[in-house]
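Please keep the sequence and the model at hand while reading.

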Amino acid sequence: MNDQTKPQRSRTEIIKENSNYLRGTILEGLVDPITGAISEDDTQLLKFHGSYQQDDRDLRQERRKQKLEPAYIFMVRVRATGGIVTPKQWLDLDHIARTYANGTIRLTTRQSFQLHGVLKRNLKQTMKEVNATLLHTIAACGDVNRNVMCNPNPYQSELHGEVYEWANKIADFLLPRTRAYYEIWLDEKPVVRSPDVEQEPIYGRTYMPRKFKIVIAVPPSNDVDVYAHDLGFIAISDGNSLAGFNVAVGGGMGMTHSEPETYPRLADIIGFCRPEQVIEVTEQVVKIQRDFGDRANRKHARLKYTIDDRGVDWFKDELESRLGWQLEPVRLFEFTDNGDRYGWVKGTNGKWHLTLFVENGRIQDTDDFPIMTGLREIAKVHKGDFRLTPNQNLIIGNVGTKQKPKIDAMVEEYKLNDLEHRSALRLNSMACVALPTCGLAMAESERYLPSLITKLEDVMMEAGLRDDAITLRMTGCPNGCARPYIAEIGFVGKSIGHYNVYLGGGFTGDRLGKLYREGITEGKILAELTPIIKHYAKEGEKGEHFGDFVIRKGYVKAVKAGREFHA
Ligand code: SRM
Ligand code: SF4
């Protein structure tokens, strides 16, 4: 295609522009009884409202055989800055999940909740009930700023509390201003507005070229994986209070198999700003990407490509010229890991916080693990809060010393904190949703990883590494929803039963892994990894992480930049 025949704007851009600020014909589509779906254009707009149209892929073939339309269902994503909700909100979500969705709650890698399997006829009521509990879904998906992530324990130190407040301010600042959400889902009466009253002052009529993600990390924990997002802030303390933030830009995970021009990239740290400058920096970074991001090719529309195409220096100059002042030099900091710390900790407020392992974030009762019932019963008596971690786990937060024995007893009763029977490998694992709901999945992920880990645990056990933490992540396609490219072992689905294996990601989330084997099945995965794990047990140096070991021993080359990922 030469430059003249290249489309100037993708179809999604035109849908957004013609949508009257995200209204489209969603309202009409919801009440059309002929189909369980909505129109194709509206499915794009629906994302901005926090919902995806999907179909149950387990039923696809059978429905096709029977000449029925796919079993359409909707996923609803509920956002909560830093993943914090009250026990009442937990109970309401639990109720909504069991009444309108598939009876499970999914904690995501970005500290949001997902409800799967909602039928079109129940979608509006689901949204209403989510809003009635003072949570919302607006901008949980779509070409806008998504849920703002931050360390989920505001009471770990005063610094954590301050940082959490900034995360909230950023989230509020970047919420879309359109009333479409309130009209469609909450029956707000439309008011005739002049375009300038209703215009989106930050995003404009066509919003961002693509999704935009912001996180704040509080060293030494990099639980939010600050290098994997469009914009990351790294909190720098001044004794006990917040001095400001290092600013990281241009991270992202998504790529497409066999398209080397797409690649995961880690963010560059470009400077430091004071707390009171953080909104201004956020606004200008977002606006640069709004103005320069690729609106023709959605596979090239994230900030990481804008920065790689034009250079980090260009980006910094553009940002500083828009700000009218210069960022200060980057401050020193150190990350020690990107995982969660399990068990009880006491906060600065004198209350207790218990981090529980939730395998792949799925809250669902099984015979040996009645987690959904257990958390429901706890929510009925708990006086603190619940918090989602960036690793798909859950914190029962703010438990008073007096109430702790009761919560402890309930945790025991429902076997919610059974760390003894879980290896360090499992406790440091994540898998994306994939089949049967994700329309983009090429292979299983959440439903498969637990059994693969059981097999790898045998190898780890035999090598004497049961308690050695190795980060391991799986996704059902290369989009990277569980951030697999920064795991020490990453599995990425290629086709049913076949995975690419990536090795050498940094334990603190600071280095990309490298493709080690392509499209292999379980037998081959075990055959390939067993000798490496044994080698690590034998020759790994004291304190050396697996990701560093595989590079030192030449299994893979260290990847220094996103553009080198496929080299
Ligand atoms: Fe994701 C698309 C699930 C975090 C990169 N992601 C999807 C969709 C909506 C599929 C779709 O477009 O039809 C998946 C829905 C599956 C389902 O049935 O629920 C989906 N993504 C998820 C979640 C639920 C994974 C999980 O197991 O927790 C996470 C929800 C986050 C949230 O609460 O907001 C989730 N997705 C991520 C992350 C991790 C992160 O942000 O920290 C990434 C990589 C970081 C990044 O954005 O680069 C990620 N998701 C993608 C991409 C690739 C984007 C790209 O730039 O190439 C897609 C596909 C797309 O946007 O076209 C995608
Ligand atoms: Fe779906 Fe791929 Fe994301 Fe997994 S990584 S949830 S398969 S889009």
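A crossing of two helices is called left-handed if the near helix is turned anticlockwise from the far one by less than a right angle, and right-handed if clockwise. The model is predicted, and local features are given only at pLDDT of at least 70, side-chain atom pairs only at pLDDT 80 or more, while totals for chains, interfaces and linings use all residues. Residues are numbered from 1 along each chain as its sequence is written, chains are lettered from A and ligands numbered from 1 in the order in which they are written, and side-chain values use heavy atoms, with hydrogens and water left out.

**Helix packing**

Two packed helices are described by the angle between their axes and the distance between the axes. Here axes are lines fitted to C-alpha atoms, for helices over the stretch in contact, with angles running from 0 to 180 degrees between N-to-C directions; helices (H or I, at least four residues) and strands (E, at least two) are DSSP runs numbered from the N terminus. Angles under 35 degrees count as roughly parallel, over 145 as roughly antiparallel, 65 to 115 as roughly perpendicular and the rest as oblique.

The axes of helix H16 (residues 449-462) and helix H17 (residues 522-539) come within 10 Å and cross at roughly 25°, and the two helices are therefore roughly parallel to each other. The crossing of H16 and H17 is right-handed. In their contact (heavy atoms within 4.5 Å), residues of H16 including Leu-452, Leu-456 and Val-459 meet residues of H17 including Ile-525, Leu-529 and Ile-533. The residues of this contact comprise eight nonpolar, one polar and four charged, where Ala, Val, Leu, Ile, Met, Phe, Trp, Tyr, Cys and Pro count as nonpolar, Asp, Glu, Lys and Arg as charged, and the others, Gly among them, as polar.

Helix H10 (residues 278-292) packs against helix H11 (residues 303-310) at about 75°, with the axes 10 Å apart, so H10 and H11 are roughly perpendicular. Val-285, Gln-289 and Phe-292 of H10 and Leu-303, Thr-306 and Arg-310 of H11 make this contact. H11 also packs with helix H12 (residues 312-323), at an angle of about 105° and with axes 6 Å apart, which makes H11 roughly perpendicular to H12.

**Surroundings of the ligands**

A residue counts as near a molecule if one of its heavy atoms lies within 4 Å of it. Around ligand 1 there are 30 residues, of which Thr-108, Gln-114, Thr-437, Cys-481 and Arg-483 come nearest. By class, this shell holds nine nonpolar, 13 polar and eight charged residues. Strands E1 (51-55), E2 (72-78) and E5 (113-118) each supply at least two residues of the shell. The table gives polar contacts, that is, pairs of N or O atoms within 3.5 Å.

| Side chain (N or O atom) | Distance to an oxygen atom of ligand 1 |
|---|---|
| Gln-54 | 2.9 Å |
| Arg-106 | 3.0 Å |
| Thr-108 | 2.6 Å |

Ligand 2 is surrounded by residues including Cys-432, Cys-438, Cys-477 and Cys-481, and its shell has eight nonpolar, four polar and no charged residues.

**Backbone features**

Most residues other than glycine have a negative phi, and most peptide bonds are trans. The peptide bond from Leu-435 to Pro-436 is cis, with omega near 10°, and Pro-436 is found in the loop between strand E18 (429-431) and H16. Asn-20, in the loop between helix H1 (11-17) and helix H2 (26-30), has a positive phi of about 55° although it is not a glycine.

Methods
Polar contact = N/O pair within 3.5 Å; in protein donor to acceptor, adjacent residues only side chain to side chain.
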